[in-house]
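The sequence and structure are shown first.

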Amino acid sequence: MNVLLTGGTGYIGSHAAVALVELGHQVVLYDNLTNSSEAVVEKLEQVADQRMPFVKGDVRDTKFLIDALGDYSIDAVIHLAGLKAVSDSIKKPVDYYANNVQGTISLLQAMRAQQLKTLVFSSSATVYGHPRYLPLDESHPTCATNPYGRSKLQIEEMLRDVAASDPQSRIVCLRYFNPVGAHEGGLIGEKPNGVPSNLMPFIAQVAAGKRTELSVFGGDYPTPDGTGVRDYIHVMDLAEGHAAALSFLSQNVGWHAINLGKGKGYSVLELVRVFEKASGHQVPYTLVARRAGDVAACYSNPEKAFKLLNWAAKRTVEEMCASTWRLQQSVEIK
Ligand code: WQD
C-alpha cells in the first residue's frame with residue numbers, strides 16, 4: 001500500500017516508516033519539522049535502503065494535504081503528527097487542541113476529499129486517566145486528566161463518529177504505553193531537544209555523563225520499591241504494531257481501539273538497574289518529590305492486540321536499554 005505518515009520524521013514515525021518499508025509498503029513522510037529534522041529522511045533512506053519521499057507540511061494545511069494525498073496516490077494514512085508532552089499541554093492547552101484536534105479535523109477533511117477511509121491513529125494510554133484496575137484493557141473507562149490526554153480522547157471520539165457515519169471506514173486507534181529504545185542500527189531514535197522530560201533518554205544522558213544524576217520522581221508510591229511503574233515497549237515493536245494494524249484494516253471495517261504495550265510493568269529503579277548493566281555505566285540518582293500528574297503504576301493487558309492483530313511486543317527491556325545506549329553513544333560521537 002501507499003501509506004502517508006503524518007509526523008513521519010518524528011520518533012515513532014521514523015521507526016514506523018522502517019517497519020512498513022520492510023513489509024513492502026511505499027511510505028511518504030509528511031511533517032512540519034516542529035519536533036524533528038529533515039536530516040532524519042536521509043538516515044531513513046540509509047536504513048531502509050530505498051527512497052523515502054518527504055513532504056514538508058502542516059496537517060492543518062488542508063489544501064496542501066489534499067494535494068499530497070493525491071500526488072502520491074495514497075491508500076492509507078498513519079496519523080502521528082501532534083504535540084505529546086503532558087506537562088507542556090497543561091501550560092499550553094490551546095496549542096494542543098489546535099495541533100492535535102484541529103489537525104486531525106483537517107486530515108479527515110483531506111481524506112474525505114480524496115475518498116480515503118483507512119486510518120491508523122496514534123493514541124495514548126493517557127486516555128485511561130488514573131487506572132481503576134490493572135492491567136489496563138481496552139474496556140477500562142476513558143477519562144483523561146490533562147489537555148494532552150483529552151485531545152487524544154476527543155480525537156478517538158471524533159473517529160468513532162466518522163466510523164458510525166460511514167460503514168466503509170477502517171479506523172484503528174493505537175493506545176501507546178511507554179515507547180522507548182531505538183532501531184538497532186543506531187541511526188534513528190529519540191533525541192529530545194533540551195532537558196528530556198521522559199525517563200529513558202534522561203537515564204541515557206546520566207550514563208553518558210551529560211547529566212550528573214537522575215531525579216527519581218517519588219519513592220513513596222504503593223509499588224514494590226516505591227517508584228513509578230510503567231509499561232515500556234520497544235519502539236520497533238510499536239512500529240511493527242502499526243504495520244499489523246494496517247493489514248488488519250485491509251480485512252476489517254469499523255472503529256477499533258487497541259493497546260500497544262508489553263503487558264509488564266517496570267519501576268524506575270528496575271529500569272535504572274537494567275540500564276546500568278546494558279551500558280556498563282553507573283546511573284546515580286536521588287529520590288525527590290513526586291511529579292504532578294503522575295500515576296503510581298500503569299501497564300497494559302495486550303491480549304486484544306494479539307487476538308486482532310496477531311501482534312505481540314517481543315523485544316526485552318534489556319534490548320530497549322541497549323539500543324538506547326547505542327544511540328546515545330552515536331549522538332556523543334557527532
Ligand atoms: C516514566 C516514569 C516518572 C523522568 C509519558 C507521557 C505519555 C506517553 C509516554 C505519549 C514515571 C519517572 C521520569 C525523570 C523520573 N507519551 N521519571 N524521573 O509520564 O509515564 O508517560 O510518556 O503518549 O503520554 O505522559 O513517561 O518517561 O515521563 O515517566 O522519575 O526524570 O519515570 O515519574 O514514573 P510517562 P516518563
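Strand E4 is covered on both faces: Ala76 and Ile78 on one side, and Val77 and His79 on the other, are all buried. Buried stands for under 20% relative accessible area, exposed for over 50% and partly exposed for the range in between, with a 1.4 Å probe and protein chains only. The model is a predicted one, in which local features need pLDDT of at least 70 and side-chain atom pairs count only at pLDDT 80 or more, while totals for chains, interfaces and linings use all residues. Residues are numbered from 1 along each chain as its sequence is written, and side-chain values use heavy atoms, with hydrogens and water left out.

E4 belongs to an open sheet of 7 strands with parallel pairing, in the order E3-E2-E1-E4-E5-E6-E11. Helices (H or I, at least four residues) and strands (E, at least two) are DSSP runs, numbered from the N terminus; two strands pair if DSSP finds at least two bridges between them. Strand E3 (54–56) and strand E11 (254–260) are the edge strands, each pairing on one side only. On average, neighbouring strands in this sheet are turned by 20 degrees against each other, direction ignored.

Strand E1 (residues 2–6) and strand E4 (residues 76–79) run parallel and are joined by 4 bridges. E4 and E5 also run parallel, with 3 bridges between them. A second open sheet has 3 strands in the order E12-E9-E14, with mixed pairing. Strand E12 (266–267) and strand E14 (297–298) are at its edges with a single partner strand each, so one side of each has no neighbour in the sheet. Strand E9 (residues 229–230) runs parallel to E14 and is joined to it by 2 bridges.

| Residue | Partner |
|---|---|
| Threonine 6 | Histidine 79 in E4 |
| Leucine 5 | Isoleucine 78 in E4 |
| Arginine 230 | Cysteine 298 in E14 |

Two helices, H3 and H5, meet in the model. The axes of helix H3 (residues 62–71) and helix H5 (residues 93–113) come within 9 Å and cross at roughly 45 degrees. Axes are lines fitted to C-alpha atoms, for helices over the stretch in contact, and angles run from 0 to 180 degrees between N-to-C directions. H3 and H5 are therefore oblique to each other; angles under 35 degrees count as roughly parallel, over 145 as roughly antiparallel, 65 to 115 as roughly perpendicular and the rest as oblique. In H3, Thr62, Leu65, Ile66 and Leu69 meet Ser106, Leu107, Gln109, Ala110, Met111 and Ala113 of H5, where contact means heavy atoms within 4.5 Å.

Aspartate 137 lies in the loop between strand E5 (118–124) and helix H6 (147–165). Is aspartate 137 buried or partly exposed? Aspartate 137 is partly exposed, its relative accessible area being 22%. Apart from neighbours within four places in sequence, aspartate 137 is in contact with Tyr128, Asn259 and Asn301. Aspartate 137 and serine 300 are 163 residues apart in sequence, and their C-alpha atoms are 6.3 Å apart in space.
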